Amino acid sequence: LSTATLGLLLWNIFSYGWQRVSWEFLSTYPSRIAEEAGIKSSLVGSIYLIGLTALFSVPVGVGTAIYLEEYCRPSRWRTLVQTNIANLAGVPSIVYGILGLGLFVRALQLNRSVVAGALTLTLVVLPIVILAAQEALRAVPDSIRKASYALGASRWQTIRLQLLPAALPGILTGVILALSRALGEAAPLVAIGAATYVRFLPEDLLTDDFSALPLQIYNWTDRPEETFHEAAAAAIVVLLTLLILMNALAVYLRYRFSKRIQW
């Protein structure tokens with residue numbers, strides 16, 4: 001029943017908004033005139049957000065996973081940290097939005113900038129990246145570690161040259177799926193005060209206002225005009241297309257890199 005309902009909703013959205021999707025729609029700024037409204041600023045804003053979120057979350061997340069799995073010895077402190085990371089992965093995203101508002105927007109005075117939004121989304125996806133990287137490292141057979149140490153390799157050489165290449169498919173899959181979640185998040189961006197109507201591209205990522213596709217969709221669905229609802233459906237089609245492409249990339253990378261690994 002749920003699958004049929006989801007299929008019906010998707011069919012309704014695609015049939016309602018597909019006719020509005022065009023290059024002009026993608027390359028035009030939002031407008032108060034429904035027939036002329038596009039998603040250029042929000043689409044570019046989403047791309048900036050995802051790029052910066054990946055830049056912030058991947059090194060920290062993978063580095064944390066490596067430390068917890070390969071360097072940190074079993075202890076109460078490690079168990080406490082591991083439990084908290086697992087709990088943070090289930091925290092509603094609006095809570096991270098409130099944290100981002102207090103920490104990045106007000107305390108660090110980053111205002112409603114792209115960097116503030118990316119750092120807030122980093123808080124959302126960081127626990128997911130850490131857990132995915134840990135699972136990928138655990139899946140590497142222990143015999144690879146022992147063989148590397150037996151040949152005289154140091155711990156860091158073993159991690160860099162043996163474990164990370166072997167765990168790369170799982171890490172990439174987890175990272176891309178986490179970023180896919182960040183791409184569709186609206187609540188944290190609403191909490192930090194990101195704009196829903198922007199007619200320019202952000203040039204200074206530390207000061208300029210920005211928008212994102214989920215915020216643009218939210219803004220249009222709140223309008224009474226039917227044409228805005230069509231534009232919102234078209235923006236949903238674009239957002240779903242991006243999400244499908246990211247998930248397809250995760251499947252492809254996992255398959256591609258898994259073929260290179262021989263246990």
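Figure 1. Asn 111 sits in the loop that joins helix 5 to helix 6, helices and strands being DSSP runs numbered from the N terminus (helices H or I, at least four residues; strands E, at least two). The model shown is predicted, so that local features need pLDDT of at least 70 and side-chain atom pairs count only at pLDDT 80 or more, while totals for chains, interfaces and linings use all residues. Residues are numbered from 1 along each chain as its sequence is written, and side-chain values use heavy atoms, with hydrogens and water left out. Asn 111 has a phi near 60°, which is positive although the residue is not glycine, and with a relative accessibility of 42% it counts as partly exposed; buried means under 20% relative accessible area, exposed over 50%, and partly exposed in between (1.4 Å probe, protein chains only). Gln 109 is found in the loop between helix 5 (93-107) and helix 6, and its phi is near 55°, again a positive value in a residue other than glycine. Gln 109 has a relative accessible area of 61% and is therefore exposed. As background, most residues other than glycine have a negative phi.

**Figure 2. The crossing of helix 6 and helix 8.** The axes of helix 6 (residues 114-138) and helix 8 (residues 155-183) come within 8 Å and cross at roughly 155°, where axes are lines fitted to C-alpha atoms, for helices over the stretch in contact, and angles run from 0 to 180 degrees between N-to-C directions. Helix 6 and helix 8 are therefore roughly antiparallel, since angles under 35 degrees count as roughly parallel, over 145 as roughly antiparallel, 65 to 115 as roughly perpendicular and the rest as oblique. Their crossing is right-handed; a crossing is called left-handed if the near helix is turned anticlockwise from the far one by less than a right angle, and right-handed if clockwise. On the helix 6 side the residues that meet helix 8 include Leu 121, Ile 128 and Leu 137, and on the helix 8 side they include Leu 163, Ile 171 and Arg 181; contact means heavy atoms within 4.5 Å. Sorted by class, the contact of helix 6 with helix 8 has 15 nonpolar, two polar and one charged residues, with Ala, Val, Leu, Ile, Met, Phe, Trp, Tyr, Cys and Pro counted as nonpolar, Asp, Glu, Lys and Arg as charged, and the others, Gly among them, as polar.

**Figure 3. Thr 173 in helix 8.** Thr 173 belongs to helix 8 and, with a relative accessibility of 14%, counts as buried. When its neighbours within four places in sequence are left aside, Thr 173 is in contact with Ala 250 and Arg 254.

**Figure 4. Helix 3 with helix 6.** The axes of helix 3 and helix 6 come within 6 Å and cross at roughly 35°, and the crossing is right-handed. The residues of this contact divide into 20 nonpolar, seven polar and three charged.

**Figure 5. Helix 3 with helix 4.** Between helix 3 (residues 40-71) and helix 4 (residues 76-88), the axes come within 12 Å and cross at roughly 145°, in a left-handed crossing. Helix 3 contributes Tyr 67, Leu 68 and Glu 69 to the contact, and helix 4 contributes Trp 77, Arg 78, Val 81, Gln 82 and Ile 85. By class, these are five nonpolar, one polar and two charged residues.

**Figure 6. Two aromatic pairs.** Rings of Phe, Tyr and Trp (its six-membered ring) pair if their centres lie within 6.5 Å, and planes under 30 degrees apart count as stacked, over 60 as edge-to-face and the rest as tilted; by this rule there are two aromatic pairs. Phe 14 and Trp 18 are stacked, with 6.4 Å from centre to centre and 25° between the planes. Phe 14, with a relative accessible area of 28%, is partly exposed, whereas Trp 18, at 52%, is exposed. Phe 25 and Trp 220 form a tilted pair, with 6.2 Å from centre to centre and 40° between the planes. Phe 25 lies in helix 2 (residues 23-26) and Trp 220 in helix 10 (residues 213-221), so this pair ties together parts that are 195 residues apart in sequence. Phe 25 and Trp 220 are buried.

**Figure 7. The protein chain as the setting for these views.** The protein chain has eleven helices and zero strands, and its C-alpha trace spans about 70 × 45 × 35 Å along the principal axes. Of its 263 residues, 43% count as buried. Among contacts between residues at least 6 apart in sequence, 73% join residues at least 24 apart.
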